[in-house]
Amino acid sequence: QVQLVESGGGLVQAGGSLSLSCAASGSIGRVRAMGWHRQAPGRQRELVASISSGDNPNYADSVKGRFTISRDSANTVYLQMHSLKPEDTAVYYCNADLQEGDSYSYTYYWGQGTQVTVSS
């Protein structure tokens with residue numbers, strides 16, 4: 001069974017930095033993409049950043065120039081966050097679009113979420 005385990009997050013003052021990481025484990029075949037979404041109270045979950053198997057990053061306009069997504073060959077995805085703003089406060093969820101085991105189909109998996117709080 002595939003699991004995504006996140007680490008990082010926490011409390012930081014505005015203008016500060018935080019890093020998140022997410023490791024995918026289990027019987028994993030091809031990974032098409034990995035990324036991060038976030039959900040603030042009372043708001044819908046939104047894409048923050050994603051990175052494809054070709055290492056092409058994609059960012060939400062609100063984080064461009066401040067956040068950097070990367071991944072390694074061990075199916076771990078990272079999110080470096082700089083110049084954080086109070087509006088970045090949310091639960092951040094890791095996600096992965098991958099094949100489990102020898103399946104030909106791709107399935108979307110989610111992590112359990114990690115809280116990021118930016119104080120003003």
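Ser83 is found in the loop between strands E8 and E9; strands (E, at least two residues) and helices (H or I, at least four) are DSSP runs numbered from the N terminus. The model is predicted: local features need pLDDT of at least 70, side-chain atom pairs count only at pLDDT 80 or more, and totals for chains, interfaces and linings use all residues. Residues are numbered from 1 along each chain as its sequence is written, and side-chain values use heavy atoms, with hydrogens and water left out.

Ser83 has a positive phi of about 50° although it is not a glycine. Most residues other than glycine have a negative phi. Ser83 is partly exposed, with a relative accessible area of 40%. Here buried means under 20% relative accessible area, exposed means over 50%, and partly exposed lies in between (1.4 Å probe, protein chains only).

Asn75 also has a positive phi, of about 60°, and is not a glycine. Its place is in the loop between E7 and E8. At 17% relative accessibility, Asn75 counts as buried. Residues up to four places away in sequence aside, Asn75 touches Cys22, Ala23, Ala24, Ile28, Val31 and Met34. Contact means heavy atoms within 4.5 Å.

The largest nonpolar core holds 31 residues. Such a core is a set of buried Ala, Val, Leu, Ile, Met, Phe, Trp, Tyr and Cys residues joined through side-chain atoms within 4.5 Å. Trp36, Leu79, Met81 and Tyr92 touch the most other members. Strands E3 (18-25), E4 (28-39), E5 (46-52), E7 (67-71), E8 (76-81), E9 (90-100) and E11 (114-119) each give two or more residues to this core. The largest share, five residues, comes from E9. Neighbours within four places in sequence aside, Leu79 is in contact with Leu18, Ser19, Leu20, Trp36, Val48, Ala49, Phe67, Thr68, Ile69 and Tyr92.

Aromatic rings were examined next. Rings of Phe, Tyr and Trp (its six-membered ring) pair if their centres lie within 6.5 Å; planes under 30 degrees apart count as stacked, over 60 as edge-to-face and the rest as tilted. The count comes to one aromatic pair. The rings of Tyr108 and Trp110 have their centres 5.5 Å apart and their planes at 65°, so the pair is edge-to-face. Tyr108 is partly exposed at 41% relative accessible area, and Trp110 is partly exposed at 37%.

Trp110 also meets a charge. The charged end of Arg45 sits over the ring of Trp110, 4.6 Å from its centre. Arg32 lies over the face of Tyr106, at 4.0 Å from the ring centre. A charge sits over a ring if NZ of Lys or CZ of Arg is within 6 Å of the ring centre and within 35 degrees of the ring normal.
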